[in-house]
Amino acid sequence: MSKVAVFGAGSWGSALAVLLTKAGHQVSLIGRKADEMAQMNKLRENVRYLPGVVLPSGLMPATDVSELNADLVILSVPSHNVREAARQIKPNLRPGGIVVNTAKGLEEGTHYRLSEVLKQELADQAIAVLSGPSHAEEVGRDIPTTVVVASDVDTAEKVQDLMMTPKFRVYTNPDVIGVELGGALKNVIALCTGIAEGLGFGDNTKAALMTRGLAEIARLGVAMGGHPLTFAGLSGVGDLIVTCTSQHSRNRRAGVALGQGKPLDLVLKEVGMVVEGVRNTRVAYELSQEMKISMPITQQAYKVLFEGTDPKIAVTDLMMRGKRHELEEAVEMSWFK
Ligand SMILES: NC(=O)C1=CN([C@@H]2O[C@H](COP(=O)(O)OP(=O)(O)OC[C@H]3O[C@@H](n4cnc5c(N)ncnc54)[C@H](O)[C@@H]3O)[C@@H](O)[C@H]2O)C=CC1
Ligand SMILES: O=C(CO)COP(=O)(O)O
């Protein structure tokens, strides 16, 4: 049995705390609001973020940061809170410990990957990244799930050993860049598939966005140093499929409401949990401009979200782009290497 601390008591942190408790570890789920954590302890349920999932008796809801002195620390806050959270947890971490980031995004303004942010803030910790197709609502209910953990081989294998269960299969991958970018950029495409659904389009449109979305995710990802084949793995196409199609996806749901014509601020309020795709669109768009990478879907998402472009016009613009060769383009970006 190891001591594990999960920092961030939203839907993903809660589901991972449930999973790790069932895996036989001593788990503290650390949230910032004392009243919410006390209620969670009393009801044995995270009513707001993970309703209907029983918190097993060994799981300890807490606010006490001394619980962060653990063998493994899982960081489960939205990407825009990762730097602040790293600063909060730093004084209580065990020297030489492992911190696993589970947020899927990039830092706004700096464009850093989140593992880069964590390395800057927590220099004496081994940093790993957990990603892949894994909705909290299903992990919390023991639905078979596969994920990938990216880090140096030793750290990734330690995390794999600690997290793997018969219901939660963990792969390792040394390509931290590819794994992180797949996880962050699929949120943009999930928003777009939601928008298409909200506009009343069908499965053909969704498949088009997913396939061409993956091409542009991989294009940016490879240019930033990711391995092309990582984008064909769990954190690439795997997470893209689940986020673009699942009833649970907040990004997809937000997209549907946008496609139906609701304003962004209302949509975000209605979803009530983090919709990473909004911030991720801005960062991905800025990166594509800076690095001169063609990302037409991301560009249209940016226009819809931040420049008031009508989503119908955005779709027409995508359909009317210049002609392309599918295979030549794929070979050019080393997809098949
Ligand atoms: N929900 C899911 O199924 C999955 C979510 N993720 C990723 O995990 C990250 C977190 O997502 P969710 O848990 O779903 O978000 P959420 O919106 O359900 O919860 C976020 C939680 O973080 C807490 N938080 C924010 N800043 C904090 C801070 N400085 N200190 C302590 N707590 C803080 C909030 O109070 C809230 O409880 C996102 O990047 C998301 O993309 C990844 C895989 C699955
Ligand atoms: O990353 C996720 C599933 O793998 C969660 O996606 P959403 O944030 O869209 O719910």
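Author: In this predicted model, the centres of domain 1 and domain 2, taken over C-alpha atoms, are separated by 26 Å. Domain 1 covers residues 3-174 and domain 2 covers residues 177-332 of the protein chain. Across the boundary, 26 residues of domain 1 are in contact with 26 residues of domain 2.

On the domain 1 side, at least two residues each are supplied by helix α4 (114-121) and by the strands β6 (126-131), β7 (145-150) and β8 (168-173). Strand β7 provides the largest share of that side, four residues. Sorted by class, the side of domain 1 that touches domain 2 holds 12 polar, 10 nonpolar and four charged residues.

Both ligands have shells that draw on the two domains. For ligand 1, domain 1 and domain 2 each give at least three residues to the shell. There are 27 residues around ligand 1, and those that come nearest are Gly10, Trp12, Ala103, Ala136 and Met273. Helices α1 and α3 (82-89) each supply at least two residues of this shell. Its make-up by class is 13 polar, 10 nonpolar and four charged residues.

Ligand 2 has 13 residues around it, of which Ser134, Thr243, Ser249, Arg250 and Asn251 come nearest. Here too, at least three residues of the shell come from each of domain 1 and domain 2. Helices α9 (234-245) and α10 (250-259) each supply at least two residues of the shell around ligand 2, and the largest share, three residues, is that of α9. The shell around ligand 2 consists of six polar, four charged and three nonpolar residues.

The largest one has 61 residues, and the members that touch the most others are Val6, Phe7, Val73, Ala128 and Val149. Helix α1 (residues 11-22) gives the most to this core, seven residues; α1 also supplies at least two residues of the shell around ligand 1. Another core, of 41 residues, lies apart from the largest one and includes Leu106, Val222, Leu240 and Ile297.

Methods. Residues are numbered from 1 along each chain as its sequence is written. Chains are lettered from A and ligands numbered from 1 in the order in which they are written. This is a predicted model: local features need pLDDT of at least 70, side-chain atom pairs count only at pLDDT 80 or more; totals for chains, interfaces and linings use all residues. A residue is near a molecule or strand if its C-beta atom, placed from the backbone, lies within 6 Å of it. Ala, Val, Leu, Ile, Met, Phe, Trp, Tyr, Cys and Pro count as nonpolar, Asp, Glu, Lys and Arg as charged, and the others, Gly among them, as polar. Domain bounds come from an automatic or database domain assignment. A nonpolar core is a set of buried Ala, Val, Leu, Ile, Met, Phe, Trp, Tyr and Cys residues joined through C-beta atoms within 7 Å. A residue is buried if 20 or more other C-beta atoms lie within 10 Å of its own, exposed if 12 or fewer, and partly exposed in between; C-beta atoms are placed from the backbone. Two residues are in contact if their C-beta atoms, placed from the backbone, lie within 7 Å.
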